[in-house]
Amino acid sequence: MFTLFPVLVTIVACANGVAAWGVLGHETVGYVAQAFLAPKALAFAQSSLGTTYNMSLGAAAAWADSVRYTKGYTWSANLHFVDAEDSPLSGSCSVEETRDCSKGCILTAIANYTTRVADTSLGAAQQQEALKFLDHFLGDIGQPLHVEAYEVGGNDISAKCSGASTNLHAAWDTGMVTKNIKDNHGGTVQTYAADLVKQIKTGSYKSLTSDWLSCTSITEPASSLKRFFDMPMVPHTIEDDVRSLLSDSEDFLLGPRAQAAITPLACPLVWARESNAYCCSVVFTYTSGQDLCTSSYFTKAVPVIDLQLAKQGYRLAAWLNVIFDGATNLS
């Protein structure tokens with residue numbers, strides 16, 4: 001098993017013990033992405049994943065959670081999130097690369113595995129591993145509580161979902177997603193993903209997709225991003241991120257580098273900030289004793305969950321399309 005970043009083993013793991021989105025949410029992102037893959041990206045995904053994962057990003061999407069605490073992969077646990085040290089209860093939500101990712105996080109992980117999935121010298125097994133990490137991390141970054149440090153990303157906040165005791169993080173990961181699929185999407189993740197794909201192609205999300213592929217944040221001025229990245233930011237796109245990284249990939253892979261030494265890409269930072277903004281507007285707006293899965297809170301949260309899963313699936317497809325086909329190939 002490849003370990004480019006030995007420093008990760010020595011980093012004290014944060015207690016983000018619940019996996020973002022859970023299996024159903026991650027599979028949804030993967031299935032949505034699969035529907036928008038360009039020819040070369042699709043061929044690579046199907047060939048790389050093979051029959052083990054039914055040649056599908058959906059089936060492979062939860063792999064990274066299944067191994068994060070197993071021997072040989074414990075170093076990956078810190079890569080599933082970025083602990084934003086902001087103040088969501090006071091209405092101040094933010095993600096800052098220098099403040100929140102100094103020792104490596106999901107932002108640097110996406111940059112690393114973008115390079116590795118495109119590196120044919122690594123061999124099929126390690127390219128598949130890189131693909132599965134990207135499949136997963138582009139889903140993780142869309143879960144608001146995976147870009148939030150407060151109360152360990154909500155893990156330490158007790159909650160109820162459909163009468164069962166849980167915590168806030170788990171309610172967002174699994175409880176509300178499961179109920180939403182059961183109540184509104186025929187009870188299967190495949191139907192849920194197909195419904196989101198339809199919204200992207202012909203429904204309410206269609207007019208939003210061009211903004212999803214732009215990395216000019218609706219919540220953060222481009223000038224703020226420019227402080228963290230030595231590159232022009234207006235406009236900035238997925239193509240800019242991936243092409244600039246891959247053009248430098250030969251130097252990037254010359255020797256082992258600490259995770260913290262990798263410069264995060266602009267687009268994932270924007271996506272993290274978008275997700276984090278929901279911590280102020282939705283996630284922490286519950287009232288004491290409220291059942292998160294049967295109350296007005298659920299009604300308010302579900303559109304955010306739908307949007308984030310659809311958005312990140314679409315972005316995952318675009319990301320892979322640029323890597324393997326040279327452009328997003330999405331209009």
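Helices (H or I, at least four residues) and strands (E, at least two) are DSSP runs, numbered from the N terminus. By that count the chain holds 16 helices and 2 strands. The model is predicted. Of the 331 residues in the chain, 59% are buried.

**Chain overall**
- Among contacts between residues at least 6 apart in sequence, 76% join residues at least 24 apart.
- The accessible surface comes to about 13000 Å². Carbon and sulfur atoms account for 54% of that surface.

**Nonpolar core**
- The largest nonpolar core has 93 residues. Trp172, Ile238, Trp319 and Leu320 touch the most other members.
- Helix H16 (residues 296-325) supplies the largest share of this core, with 18 residues.
- Leaving aside residues up to four places away in sequence, Ile238 touches Leu213, Cys215, Cys267, Trp271, Arg315, Ala318, Trp319 and Val322.

**Helix H10**
- Helix H10 covers residues 189-202, which makes 14 residues. At 1.5 Å a residue, H10 should span 20 Å, and its end C-alpha atoms are 20 Å apart, so the two values agree.
- The buried residues of H10 are Val189, Tyr192, Ala193, Leu196, Val197 and Ile200. They sit on the same side of H10, because they cover an arc of only 135° around the axis.
- An α-helix has 3.6 residues a turn, so residues three or four places apart point the same way.
- Lys198 and Thr202 are exposed, on the face of H10 turned away from its buried side.
- The cover over the buried residues of H10 includes helix H2 (22-34), helix H9 (168-184), helix H11 (209-213) and H16.

**Strand hairpin**
- Strand E1 (residues 158-161) and strand E2 (residues 164-167) run antiparallel, joined by 4 bridges.
- Ser158 has Asn167 in E2 as its bridge partner.
- E1 and E2 form a hairpin with 2 residues between them. In the turn, Ser162 has a positive phi of about 55°.

**Ala124**
- Ala124 is found in helix H8 (residues 124-140).
- The relative accessibility of Ala124 is 63%, so Ala124 counts as exposed; the cut-off for exposed is over 50%.
- Ser48 lies 76 residues from Ala124 in sequence. In space, the two are 6.9 Å apart, C-alpha to C-alpha.

Notes: Residues numbered from 1 in each chain as written. Predicted model: local features only at pLDDT ≥ 70, side-chain atom pairs only at ≥ 80, totals over all residues. Heavy atoms only, no water. Core = buried A, V, L, I, M, F, W, Y, C linked by side-chain atoms within 4.5 Å. Buried < 20%, exposed > 50% of the residue type's maximum accessible area, 1.4 Å probe, protein only. Contact = heavy atoms within 4.5 Å. Expected span 1.5 Å × (residues − 1). Arc of directions from axis to C-beta. Pairing = 2+ DSSP bridges. Areas by Shrake-Rupley, 256 points an atom, 1.4 Å probe, with all protein chains shown as cover.
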